[in-house]
Every structure is written in C-alpha cells, then in structure tokens.
Amino acid sequence: MRGDRRTRRLVVDATATYLWSVRHRHGTDGPCAEVLTLRRDGRATRLVFQGGEGRFVPDGFLHSGQVAVADAALNLHEPGVVRGFVDEAARRGLLDGSAELDGWELFSAVAAARAADG
C-alpha cells in the first residue's frame, strides 16, 4: 500500500522534530522484519523488529506496521506509538547517532507505557 511508505513528521518539542517511516523488510537469510526509521539532524536510527519465536510481524496474518508478542501488540503507524519509541530510545541515549537497533529491546517498555496511558 503506497500510503504505508510515506514519511511523517513527529514534533516532540520546540527543539526536536523527527521524520519517521515504517517499512517491511524481507530477509534472504531469515524471517521478515518491520523497520521503524527515525530521522533527525541528518542521522537515521532504525528500530528493527524481526519476526521469530514469540515475536510477530506482518507476514500475511498481521496488518502493516503491527508488531506483537503473546500479550501485547503495537502499531508502528500510530504517532503515539512512535512517540513512545522516541521517548524510550532517547531515555536510553540511543538516538545520538545513526544506528540499526533491535526494536524488541524497547518493545516491553513502550507497550507498558501505552497500557498505563489507557
């Protein structure tokens, strides 16, 4: 779907604006992955959610952008979810340079924060 490939803008505060997009990646040597790319000041941080045992990504059963574990699911196309990942990655100091990171390492914290917010 063409709309899934668009770059969107997330304004965090007066000094921080991120451009973000979600892509689906097919692995030649492993399972598919959803990739959330966050861009700011010429740096790109990619949060990669690779499918695997107990970790689910769109592979014909989930809709685009959805990543899930047994007890929680997040939609990477929702600005509030993206803001959760930005906040958690910033809290951990992961947005200081360009990198490709395992998004699952942030997943539990973001899912818990989203659940607490209702």
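1. In strand 7, A99 is the bridge partner of T45. Strand 7 (99-102) and strand 4 (43-50) pair in the parallel sense over four bridges; two strands pair if DSSP finds at least two bridges between them. Strands (E, at least two residues) and helices (H or I, at least four) are DSSP runs, numbered from the N terminus.

2. On the source: this is a predicted model, in which local features need pLDDT of at least 70 and side-chain atom pairs count only at pLDDT 80 or more, while totals for chains, interfaces and linings use all residues. Residues are numbered from 1 along each chain as its sequence is written, and side-chain values use heavy atoms, with hydrogens and water left out.

3. Five strands form an open sheet with mixed pairing, in the order 1-2-3-4-7. Strand 1 (8-13) and strand 7 are at the edges with a single partner strand each, so one side of each has no neighbour in the sheet. The twist from one strand to the next averages 25°.

4. Two helices lie across strands of the sheet. Helix 1 lies across strand 1, strand 2 (16-25), strand 3 (33-40) and strand 4, at about 55° to strand 1. Helix 2 lies across strand 4 and strand 7, at about 85° to strand 4. Axes are lines fitted to C-alpha atoms, for helices over the stretch in contact, and angles run from 0 to 180 degrees between N-to-C directions.

5. In helix 2 (residues 104-117), W104, L106, F107, V110 and A111 are buried (under 20% relative accessible area; exposed is over 50%, partly exposed in between; 1.4 Å probe, protein chains only). Seen down the helix axis, these buried residues fall within an arc of 135°, so they line one face of helix 2; the arc is that of the directions from the axis to the C-beta atoms. On the other side, E105, S108 and A116 are exposed. The cover over the buried residues includes strand 5 (66-69), strand 6 (72-75) and helix 1 (79-91).

6. The largest nonpolar core has 25 residues, of which L36, L38, F49, V67, L74, L76 and F85 touch the most other members. Such a core is a set of buried Ala, Val, Leu, Ile, Met, Phe, Trp, Tyr and Cys residues joined through side-chain atoms within 4.5 Å. Strand 2, strand 3, strand 4, helix 1 and helix 2 each give two or more residues to this core.

7. Leaving aside neighbours within four places in sequence, F49 has contacts (heavy atoms within 4.5 Å) that include L36, V67, L76, F85, W104 and F107.

Methods:
The expected span of a helix is 1.5 Å times one less than its number of residues.
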